Amino acid sequence: MRCRYLIFLFCVISSSAAAGQAPAGDADGDIQYRQNVMRALGGHTSAMALIVTGEGGNERDLRVHADAVIGLAAMVPSLFPEGSDAGRTNALLDIWLEPARFRQRLTEFERGVAGLGRNIARGRREFAQAFQALAVACKGCHDRYKSQ
Ligand code: HEC
């Protein structure tokens with residue numbers, strides 16, 4: 001039963017993605033892609049938060065989440081193509097109006113991600129600090145460039 005439910009869920013998810021069926025370069029497709037990659041980042045960081053705080057999960061899974069964040073983070077600079085400001089998005093126009101400042105947020109984020117990578121094999125405390133620094137970098141960009 002559980003397995004069938006999972007398959008059902010997968011179909012629902014896939015069909016809603018297909019409803020987007022945007023041709024390459026379409027703004028809606030770019031916006032949906034950005035939001036999905038961000039949600040994936042959110043899923044991994046939220047899961048890591050539970051492990052880091054000891055509230056749940058398994059410490060041995062930290063590396064999987066950290067590797068996923070590192071991989072996804074490399075996509076972030078390309079998630080804001082021209083034209084993807086218009087549509088159902090919470091991305092603020094300033095991203096495209098002040099690219100140099102936006103770039104600073106990206107650099108801070110990249111630093112945070114690099115810190116996470118460096119500290120994965122160190123102690124729990126070092127990792128927790130690096131994780132917190134990364135969360136600050138996520139928030140730093142959201143506060144300035146994301147509505148809500
Ligand atoms: C350089 C800027 C920037 C950085 C860094 C950044 N975000 Fe975002 N994030 C955004 C913007 C802009 C949006 C709104 C996207 C949209 O609606 O088109 C967003 C949206 C989101 C969303 C909501 C997606 C949705 O629509 O459901 C989540 C969750 C999220 N980000 C998590 C994270 C996490 C976690 C990190 C750090 C690991 C992070 N973000 C780093 C700019 C950033």
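Visitor: How do the residues of the lining of the largest pocket divide into nonpolar, polar and charged?
Guide: In this predicted model, the lining divides into 13 nonpolar residues, six polar and four charged. Among the residues nearest the pocket centre, Met-38 and Phe-80 count as nonpolar because Met and Phe belong to that class, while Arg-34 and Lys-146 count as charged because Arg and Lys do.

Visitor: Which helix gives the most to the lining of the largest pocket?
Guide: That is α2, with seven residues; α5 (99-119) and α6 (124-145) each supply at least two. The pocket has a volume of about 480 Å³.

Visitor: What makes Met-38 and His-142 donors to the iron atom of the ligand?
Guide: Their atoms SD and NE2 coordinate the iron at 2.1 to 2.4 Å, and a donor has to be an N, O or S atom within 2.8 Å of the metal, so both qualify. The pair links distant parts of the chain, Met-38 in helix α2 and His-142 in helix α6, 104 residues apart.

Visitor: Why is the site of the iron atom called octahedral?
Guide: There are six donor atoms, with angles of 87 to 178° among them, and six count as octahedral if opposite donors are over 155 degrees apart and all others between 65 and 115. Ideal angles for six octahedral donors are 90 or 180 degrees.

Visitor: Why is Met-38 called partly exposed?
Guide: Its relative accessible area is 28%, and because buried means under 20% and exposed over 50%, Met-38 falls in between. His-142, at 34%, is partly exposed by the rule as well.

Methods:
Residues are numbered from 1 along each chain as its sequence is written. This is a predicted model: local features need pLDDT of at least 70, side-chain atom pairs count only at pLDDT 80 or more; totals for chains, interfaces and linings use all residues. Side-chain values use heavy atoms; hydrogens and water are left out. On a 1 Å grid over the protein atoms alone, a cavity is a set of points where a 1.4 Å probe fits but cannot get out, and a pocket is an open set with protein on both sides within 12 Å along at least five of seven lines; lining residues have an atom within 4 Å of a point. Grid points are joined across faces, edges and corners, and a volume is the space filled by probe spheres set on the points. Helices (H or I, at least four residues) and strands (E, at least two) are DSSP runs, numbered from the N terminus. Donors are N, O and S atoms within 2.8 Å of the metal (3.2 Å for Na, K and Ca); water is not among the atoms, so sites may look incomplete. Four donors count as tetrahedral if all angles lie between 85 and 135 degrees; four count as square planar and six as octahedral if opposite donors are over 155 degrees apart and all others between 65 and 115; anything else is irregular. Buried means under 20% relative accessible area, exposed over 50%, partly exposed in between (1.4 Å probe, protein chains only).
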